[in-house]
Amino acid sequence: MKDLLIFLTMVFVGFVSKAENYPYRSDCLFLTTPDHADWLYEVGEEPEIEVIFQQYGMPKTIECEYSVADDMMKHTDYKSITLKDGRGIIKIPSRKTPGFRDLQLCTQVGGQNVSHHIKVGFSVDKIEPWTQEPTDFIEFWDGVLAEQAKLPLKYTIESAPEYTTDKFDCKLVKLKMLDGHAMYGYLFIPAETKQGKKCPVVLCPPGAGIKTIKEPLRHRYYADNGMIRFEIEIHGLDPRLPESTFKDISNAFNGRNCGYLENGIENPDRYYMRHVYAGLVRCIDFLCSLPEWDGENCIVQGGSQGGALSIVCAALDPRVTQCVVNHPALADMGAYSEPGRTGGYPHFCNSKVEYTPATLHTMALYDVVNFARHVKCPTFMTWGYNDNTCPPTTSYGVWNILTCPKESLITPINEHWASEQTERNHLSWILNHLH
């Protein structure tokens with residue numbers, strides 16, 4: 001048993017950011033059910049989690065190791081439980097402060113390592129972000145946007161027949177940005193605009209990484225439903241480049257723990273995301289210049305880094321009329337500088353970035369929490385609890401700080417993904433809130 005405990009401890013070290021609860025075609029399965037249906041408790045309450053283990057769909061008696069820690073914190077106290085006939089109850093110690101606790105489970109079956117985790121929340125409506133708004137926040141971003149406003153709107157646009165259908169035209173756009181940067185994007189324009197119909201515009205920023213715009217037709221149902229959709233990348237790389245080229249570029253410039261998201265973080269005027277945040281407003285400039293736009297409805301929608309950028313855009317540009325977000329990244333980035341605090345992606349605590357006054361100031365100027373304070377348009381936000389990329393602690397930090405009209409769809413079981421139905425719910429919400 002001691003050898004198994006040592007082995008499983010090593011498994012837990014790599015578990016936090018990589019494991020998935022339901023691996024594809026796995027013979028073994030953990031099922032966990034909290035005694036509160038919504039997975040939420042008040043500070044002081046002790047959740048009881050029913051644990052079921054199955055192999056080939058049949059209950060199996062196993063010895064299971066488990067550990068409980070605060071959201072994204074290191075797991076150190078490992079215990080053992082026998083799941084007789086595949087069943088057992090684990091009681092989770094409560095928290096003294098609002099936040100989440102994470103129960104991690106691991107066992108071995110026939111040489112196969114099987115792991116699982118579940119997070120439950122405590123007094124989540126009282127979770128407050130660590131990040132505070134710098135006194136120069138407004139001045140800084142007013143200055144950046146004023147600098148960009150001096151640059152004329154410049155872009156190239158060409159047909160993308162490979163993604164054009166009878167219901168919409170697709171075009172590839174290259175937009176010029178600050179400091180010589182550019183962004184590419186696929187623009188989908190509904191066919192009915194050829195008969196004079198005017199349509200809402202939707203800007204869709206990307207998730208993190210240096211990668212092509214994958215599956216441009218994945219969200220074709222926006223254009224099918226009369227929405228002009230602009231799906232962008234942020235690195236100035238032509239999405240038609242071979243995927244191998246993107247991998248080479250990513251390995252060269254994004255191979256470090258946080259890659260471009262730590263590039264220039266010592267100085268807010270040199271930070272990589274400066275042209276990205278400003279570029280979102282330039283994208284809105286472009287979309288609002290289109291003769292097919294209805295002149296009123298301007299929406300931003302994205303998940304993870306794309307969710308973060310959607311909030312940023314909604315805060316920076318008053319033309320945005322709706323903001324739709326899934327598990328936003330780049331939130332409460334500096335929180336890890338205080339021991340025991342949960343921070344958000346890109347988790348600088350795991351990189352070579354030092355928490356100095358200079359880097360913390362830059363983080364605060366670019367932190368989604370501070371942009372969320374300034375969002376005024378109606379906002380729809382979705383997130384899950386089992387997410388170890390954009391943890392629920394930071395999602396609630398963003399949600400609780402929003403003062404705009406807001407609605408949420410919370411899907412506790414979700415890790416860092418959203419179902420097809422959840423994504424279609426985004427469009428439904430947008431269509432129901434058009435002006």
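Mentor: A salt bridge here means a side-chain nitrogen of Lys or Arg within 4 Å of a carboxyl oxygen of Asp or Glu, and please keep in mind that this is a predicted model.
Trainee: How many salt bridges does a search of the whole structure find?
Mentor: The search finds 20 salt bridges.
Trainee: OK, which residue does Glu243 form a salt bridge with?
Mentor: Its partner is Lys214, and the closest N and O atoms of the two are 3.8 Å apart. Glu243 lies in helix H4 and Lys214 in the loop between strand E13 and helix H3, so the pair ties together parts that are 29 residues apart in sequence.
Trainee: And what does Glu423 pair with?
Mentor: Glu423 forms a salt bridge with Arg218, with 2.9 Å between the closest N and O atoms. This pair links distant parts of the chain, as Glu423 sits in helix H10 and Arg218 in the loop between E13 and H3, 205 residues apart.
Trainee: Is Glu423 buried or exposed?
Mentor: Glu423 counts as buried, because its relative accessibility is 14% and the cut-off for buried is under 20%. Arg218, at 39%, counts as partly exposed.
Trainee: Switching topic, where is Arg319, and where is Asp285?
Mentor: Arg319 is in the loop between helix H6 and strand E16, whereas Asp285 belongs to helix H5, 34 residues apart. The two form a salt bridge whose closest N and O atoms are 2.5 Å apart.
Trainee: Which residues are joined into one network there?
Mentor: Through salt bridges that share partners, Arg282, Asp285, Asp317 and Arg319 are joined into one network.

Key:
Residues numbered from 1 in each chain as written. Predicted model: local features only at pLDDT ≥ 70, side-chain atom pairs only at ≥ 80, totals over all residues. Heavy atoms only, no water. Helix = DSSP H or I, 4+ residues; strand = E, 2+ residues; numbered from the N terminus. Buried < 20%, exposed > 50% of the residue type's maximum accessible area, 1.4 Å probe, protein only.
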